[in-house]
Amino acid sequence: MTKFIFITGGVVSSLGKGVASASIGCLLEARGLRIDVRKLDPYLNVDPGTMSPFQHGECFVTNDGAETDLDLGHYERFTSTHMTRANNWTAGRIYLSVIEKERRGDYLGKTIQTIPHVTDEIKAAILADTTGPSAPDVMIVEIGGTIGDIESLPFLEAIRQMRLELGPQQTFFVHLSYVPYIASAGELKTKPTQASVRDLRNIGITPDALLCRANWPLSPDLRSKISLFTNVPSNAVFSAQDVPSIYRIPLIFKDQGLDQLIIDNLQLQGQAATVTDLDTWQEALHRIEQPTGDQIQIAIVGKYVELKDSYKSLTEALIHSAAASNLHLDIDWVEAEHLTNDHVTLQRLGPADGILVPGGFGSRGTEGIMNAIAYARELNTPYLGICYGLQLACIEFARTICEIENCNSSEIEANTPNPIICKLQDLINVEQLGGTMRLGAYPCRLTPGSLAAQIYNSLEISERHRHRYEFNPAYKEKLAAAGLRFTGVSPDTGLIEMIELPSHPWFVACQFHPELKSRLLQPSPLFNGFVQAAHKHYNERLSTQEAKQRPAPSPQPPPVVEAPPQIALQES
Ligand code: GLN
């Protein structure tokens, strides 16, 4: 029988509810339990695929081609689960399903209402696949948004009903709240958390545990105070203090006994292991927090660099691979539009040991990106191009080396005379934007003897995709004759999946998104290869004046952020 953990958030957004949910998943797996994680988002888009990365951060793509919330990336990175379409529901998707049923006449003349029709649909989404032999022991359900939002009410009502129907031994409510530090008073303040729990109670939900996000660990006195005012037992009030690496959070919760509390409350003692096995996790975390190797600098050249959440999986994949090689990682975010000419590009990218161009859409910044690609190609700097990074590398090569004039992607210039990159054949007459890209995992066949085959140590791989355009095969011969190697091809469609430059130390680009499959304990082979190539480049440059003059790696922050001694951590 599957047990359910519901996670809500209060006071403000961006407290890290996704990472908290993923961390609980990580802990319960470390106790030998089989888990799954679902995200319910209260917004009305059917999925986040049509939203700008500036609005909602990265769109995470699953193996089965669903465009989902970026928190699903955290769930995969922290656990062994494989997310699918069934793991992310939005209010838009719930309402669409209800309205489609109404149109079909499924409700047999009834008036359709939020309660019970919308709430029943939500409960069905939560309960799907929780019976039968492959059902998880625990289903973790994260409710997006913040308590007090109008949109999230049907979701909260649905989980309230589930507590009533299933009882306290099958459901567990976790509330993530905020305990701000007020500098003028020198105190951590508990009032917002008290108010947030009160709001939750008003809608009929009593939290079984509180995760209190704060700059510092909560003192026992503060925990008791929160307990007194919220009626949550003090052993169920947990500190969720700021930490240098998100991968430390499962350990913070473990040290405070969160996994044991959940196991006791949900009566999972029979299924759970008595010890929490996080040894390999801890070793990897140590290499993130205190790597003993050199510091490499990776420049990420993109157009959404102001909002780091737009490139969440990418950043995490770099962190995983740097940890695997025991290296300090310094990411330099470069706004593509700033790379207006060769001189600026040289200045800006000079310190980089590797250049990464991630996925992107539209024309803004593409000329700057191509300046960065030309720089990497000409100055032998390791280059990893992802999706748009492959397409723009092909255009740069065609323009500069093959001297094909006026060539472009038809995404950037609809009537370009030389569309090196053109719309996927299957999408030629498709105007609708939502869910119409080439999405999800597809196989890719690698050329024997290629760098790609060496990196993956395999000739057949599977990676996830999210694109509408492809390399135009009409130009393949010309580019190949000039030295570009097409080393990855889709066995089903013949689409170009990977390119590389044999004349360059490490110039590789892919049509897929390898960052989406990278996990802390299973980093992406392509990112591993790129990070190692950047480290080699770093070492080669050490002999030159330029590298010697570089600043030494900045000292790593201590693993736990301690409170400054002079401040009181309690309210008076
Ligand atoms: N805009 C390009 C396309 O749709 C690249 C997409 C991407 O980088 N994810 O094909």
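Helices here are DSSP runs of H or I with at least four residues, and strands are DSSP runs of E with at least two, both numbered from the N terminus. Asp259 is found in one of them, helix 10, which covers residues 258–265. The model is a predicted one, in which local features need pLDDT of at least 70 and side-chain atom pairs count only at pLDDT 80 or more, while totals for chains, interfaces and linings use all residues. Residues are numbered from 1 along each chain as its sequence is written, and side-chain values use heavy atoms, with hydrogens and water left out.

Asp259 has a relative accessible area of 4% and therefore counts as buried, a word that stands for under 20% relative accessible area, with exposed meaning over 50% and partly exposed in between (1.4 Å probe, protein chains only). Leaving aside neighbours within four places in sequence, Asp259 is in contact (heavy atoms within 4.5 Å) with Leu27, Leu28, Arg31, Lys254 and Thr276.

Leu28 also belongs to the largest nonpolar core, which has 63 residues and in which Ile5, Ile24, Leu28, Leu211, Leu218 and Phe253 have the most contacts. Such a core is a set of buried Ala, Val, Leu, Ile, Met, Phe, Trp, Tyr and Cys residues joined through side-chain atoms within 4.5 Å. Helix 1 (residues 17–30) supplies the largest share of this core, eight residues. At least three residues come from each of domain 1 (3–284) and domain 2 (291–422 + 470–488 + 495–543), the bounds being taken from an automatic or database domain assignment. Apart from this core lies another, of 40 residues, including Leu349, Met370, Ala393 and Cys394.

Elsewhere, the axes of helix 12 (residues 312–324) and helix 18 (residues 525–542) come within 9 Å and cross at roughly 65°; these axes are lines fitted to C-alpha atoms over the stretch in contact, and the angles run from 0 to 180 degrees between N-to-C directions. The contact involves Leu314, Ala317, Leu318, Ser321, Ala322 and Ala324 of helix 12, together with Phe527, Asn528, Phe530 and Val531 of helix 18.

Some backbone details remain. Most residues other than glycine have a negative phi, and most peptide bonds are trans. A cis peptide bond, with omega of about 15°, joins Ile115 and Pro116, and Pro116 lies in helix 5 (residues 114–127). Gln267, although not a glycine, has a positive phi of about 50°, and this residue is partly exposed at 44% relative accessibility. Asn457, likewise not a glycine, has a positive phi of about 50°, and Asn457 is exposed, with a relative accessible area of 71%.
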